[in-house]
Amino acid sequence: NALQYLLRKIKNSEPVDIYEKGEFYRSYMDVEDCVDAIRLVMEHGDINAIYNIAPENPSKFIDLIQYMCQKTGSKSQINFVEPSDFHKKVQTQSFRMDASKLRELGFTPKYNEKEMIDRLIY
C-alpha cells in the first residue's frame with residue numbers, strides 16, 4: 001500500500017517523505033500478474049512446494065518515485081527523512097525474492113513496474 005499511498009500524494013502534488021534517500025530496492029507487481037502467477041502455480045506447480053510470486057528484478061525506490069513525478073507532472077516536494085525508530089526495527093533496507101521456480105513454470109509478467117504505475121495513475 002505504500003506505493004499507492006505515495007502515488008496518490010504525488011498525483012495531488014503533496015509533499016512526500018522518503019527514507020534512506022530512496023536508495024533501496026523493492027519488488028512490485030501488478031495485481032493482474034499476481035493473479036496469473038498464483039493460477040499458474042495452482043494448476044502446474046508441485047504440491048506442498050513454495051513458489052515466490054515476484055518480478056524477476058527489484059527496482060530502486062527513488063527511480064519509481066521520480067518516474068511517478070515525471071509521469072504525473074507533479075510538483076511534489078520530495079523530502080528525504082530519517083526513518084523512525086520503529087521503521088528502523090521493522091523495515092528491511094532492500095528486498096528481493098527468488099522467483100526462479102515461478103519462472104521455471106513459464107511465468108512472465110505482462111507488466112513491468114513502470115507499466116504497473118501507469119495503470120495506477122489513470
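Before placing anything, I noted that helices and strands here are DSSP runs, numbered from the N terminus. I also kept in mind that this is a predicted model.

Entry one: Ser 76. I found Ser 76 in the loop between helix 3 (61-72) and strand 4 (78-81). Is Ser 76 buried or exposed? Its relative accessible area is 11%, and buried means under 20%, so I wrote down buried. Its side chain has a polar atom 2.6 Å from the backbone oxygen of Glu 14. The Ser 76 side chain also makes a polar contact with the side chain of Ser 74, at 2.9 Å. Leaving out residues up to four places away in sequence, I listed what Ser 76 touches: Lys 9, Ile 10, Ser 13, Glu 14 and Val 16.

Entry two: salt bridges. How many salt bridges are there? I got eight. One of them joins the side chains of Lys 60 and Glu 23, at 3.1 Å from N to O. This pair links distant parts of the chain, 37 residues apart: Lys 60 sits in strand 3 (residues 59-60), Glu 23 in the loop between strand 1 (16-19) and strand 2 (25-26). Lys 60 is partly exposed at 22%, and Glu 23 is partly exposed at 44%.

Next I looked at Asp 36 and Arg 39, whose closest N and O atoms are 3.3 Å apart in a salt bridge. Both lie in helix 2 (residues 31-44), three residues apart, about one turn of the helix. I then saw that a network of salt bridges links Asp 30, Glu 32, Asp 36, Arg 39, Lys 110 and Arg 119.

Technical notes:
Residues are numbered from 1 along each chain as its sequence is written. This is a predicted model: local features need pLDDT of at least 70, side-chain atom pairs count only at pLDDT 80 or more; totals for chains, interfaces and linings use all residues. Side-chain values use heavy atoms; hydrogens and water are left out. Helices (H or I, at least four residues) and strands (E, at least two) are DSSP runs, numbered from the N terminus. Buried means under 20% relative accessible area, exposed over 50%, partly exposed in between (1.4 Å probe, protein chains only). A polar contact is a pair of N or O atoms within 3.5 Å; within protein, one must be able to donate a hydrogen and the other to accept it, and residues adjacent in sequence count only if both atoms are side-chain atoms. Contact means heavy atoms within 4.5 Å. A salt bridge is a side-chain nitrogen of Lys or Arg within 4 Å of a carboxyl oxygen of Asp or Glu.
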